[in-house]
Amino acid sequence: MCGIVGYLGRDEAYPILIKGLKRLEYRGYDSAGVALIDGQGELNVYKAKGKVSDLETYCEGKDTSGSIGIAHTRWATHGEPSATNAHPHYSASGRLALIHNGIIENYATIKENLQSLGVSFRSATDTEVLVQLIEHIQKSNDLDLLGAVQVALHQVIGAYAIAILDREHPDTLICARQSSPLVVGLGGDGDFYLASDASPIAEYTDKVVYLNDGDIAVMQLGHDLQVVNIDNEEQHPKVRQIDITLGQLEKGGYPYFMLKEIFEQPGCIRDCMRGRINVDADRITLSAVIDYREKLVAARRIIIVACGTSWHAGLIGKQLFESLCRIPVEVEYASEFRYREPVIFPDDVVIAISQSGETADTLAAIELARKSGAFVFGVCNAIGASIPRQTQTGVYIHVGPEIGVASTKAFTGQVTVLSMLALCLANERRTIDGARYKELVAELTRIPEKMEQALKTNEQIERLAPIFTYARNCLYLGRGYNYPVALEGALKLKEISYIHAEGYPAAEMKHGPIALIDSEMPVFVIATRDKLYDKVISNIQEVRARGGRVTALVTEGDERIRQFADHVIELPDTVECFQPLMAAIPLQLLAYHIAVCKGKDVDRPRNLAKSVTVE
Ligand code: G6P
């Protein structure tokens, strides 16, 4: 959601900025823009509605020279998607240009004040208010840019990551962060890169500084990075090393990132378990559990907070923790949890799950939990993101950058980490017997190989997909561990194919959705062999009796369901609690192929953002 890129150095900025914006396309956006200061001190701003490629077309033949610049992809919050509302925004005199991620909550009051002082506005955005405010302060107080930014930010309520250029200072780039991520890359030559996550920076440098809330960074060519706060107190951020390869950021021969990421899953899950499960495959060691053993083992209750796909992984976590560790678990939408008055005890463990580590609602839920004295544990993918920095401890899922907006490998990575955590805690709490523990650990290590087998369903699913493109509604059914997988399958389909889909616990279907079933309604049933197998078969019969068309995911060798399902997709057998790791794969592939058949842009579905940094 909204992307920021900046560059200050000796090379031409424009190609670096455009490439950076393309790396951030996965975050979701509806317009893009760039600002550059050329050799003559002109500050040029170019903006276009649509994709980064539309911006490039717009810039053809224009002066895009200059070795300092900022660029932005916008996901509309205030004001429709348009070139006028796109960032960067000029200040009234044209001296400053600013880009912004986040929301300025008190923008209307500030705007009214400025209007009463004669400042006029071109756009409907909250962002323009900020740049006009900074210029107004700069002019009326004779302050330098940093001083004006500090005064302005004192007046602002809300979340922001901003970057600002001043044509009077063509060697300086200033940025600031409050509740919206920003990363500064330190080049070898006193040059600087700036971005909302490390992906646009990774190919230029591996040395980065993740700004903290309240930080203002001043980048000046040939000087060390200076970081202060709004009261001008010097800050001392850590320089960190990032480990992202170019290959991880590119499609590697696949037509879409989503397909690449689906196929990466066996390798990702191996990476996720590497160093955590020993070579004999009979013991799991998580450093977070060693360091905080007492807190975790004594948990009276676990509260899982998350959004979207991560929330679905949380529902699987609930079943794992309850059945293996005998700890009661609640799974909460972070956006609801933060605004209720939830009862949180000091001996609760709150687990925040997030791929991006930047989801605004999840961050707010963490803050609430911390204030209530609970112990907060993060399950995150993006290294160094805000969530791992704001939780007391946690486990990275280590599945590499996920670019496709529809989450795939992060889901299976999250379920794998939750499985390891549940097994670790169950072993510590003695709620699982030793033999069963070893059996489950060993089975977990076999999952990547079984995933490779599950991926072989790809061709069959590609052939089936055209059958479903006509559908306006689909139903996904599952029970037990597979119920959250049904929710996730339905979410994948609606996200990228725009077909309405609902996930339901199979037995609950008769309390409502059964009324929708007819021969036009595809029903996908996860019917793998487990303790609810016979019950799910009855549910399939209920669908069939109403003329419904059933596609069943079954355990390999299942001949029973084949007799009455329209289509059968076979999956490798595994224990019940790890079945989601198998069943998720064909449902991801199904959503992918249906969307491709419908001609949709799978990696950049309309209206969606990968990283939701506003509430
Ligand atoms: C957005 C993404 C989803 C993701 C959700 C939560 O809606 O499009 O794929 O599941 O945010 O994001 P998080 O990064 O916290 O897991």
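How many bridges join strand β9 to strand β11, and in which sense do the two strands run? The legends below take this up, view by view.

This is a predicted model, in which local features need pLDDT of at least 70, side-chain atom pairs count only at pLDDT 80 or more, and totals for chains, interfaces and linings use all residues. Residues are numbered from 1 along each chain as its sequence is written, and side-chain values use heavy atoms, with hydrogens and water left out.

**View 1. Strands β9 and β11 sit side by side in an open sheet of eight strands.** Strand β9 (residues 183-186) and strand β11 (residues 207-210) are joined by three bridges and run antiparallel. Look for V184, whose bridge partner in β11 is V209. The whole sheet has the order β3-β2-β4-β1-β10-β9-β11-β14, with antiparallel pairing. Its edge strands, β3 (43-49) and β14 (240-241), each pair on one side only. Here strands are DSSP runs (E, at least two residues), helices are runs of H or I with at least four residues, and both are numbered from the N terminus. Two strands count as paired if DSSP finds at least two bridges between them. Strands of a sheet pair through backbone hydrogen bonds, either parallel or antiparallel.

**View 2. A second open sheet has six strands.** The order is β5-β6-β7-β8-β12-β13, and the pairing is antiparallel. At the edges stand β5 (89-90) and β13 (226-228), each with a single partner strand, so one side of each has no neighbour in the sheet. Nine bridges link strand β6 (residues 96-104) with strand β7 (residues 158-166) in the antiparallel sense. There, L96 stands opposite D166 in β7.

View 3. Most residues other than glycine have a negative phi, and most peptide bonds are trans. H87 and P88 are joined by a cis peptide bond, with omega about 0°. You will find P88 in the loop between β4 (68-74) and β5. H398 is not a glycine, yet has a positive phi of about 55°; H398 belongs to the loop between β19 (393-396) and α15.

**View 4. K19 and E203 form a salt bridge.** Their closest N and O atoms are 2.8 Å apart. K19 lies in helix α1 (residues 13-23) and E203 in the loop between β10 (192-195) and β11, so the pair ties together parts 184 residues apart in sequence. A salt bridge here is a side-chain nitrogen of Lys or Arg within 4 Å of a carboxyl oxygen of Asp or Glu. By this rule the count is 34 salt bridges.

**View 5. Domain 2 meets domain 3.** The domain assignment (automatic or from a database) gives domain 1 (3-248), domain 2 (255-432) and domain 3 (458-597). The contact (heavy atoms within 4.5 Å) takes 25 residues from domain 2 and 21 residues from domain 3. About 1,900 Å² is buried between them, 73% of it from carbon and sulfur atoms; buried area is the accessible area (1.4 Å probe) that two parts lose on being put together, summed over both. In domain 2, M258, H312 and Q319 lose the most area to domain 3, together 24% of what that side buries. Across this interface the rule finds zero salt bridges.
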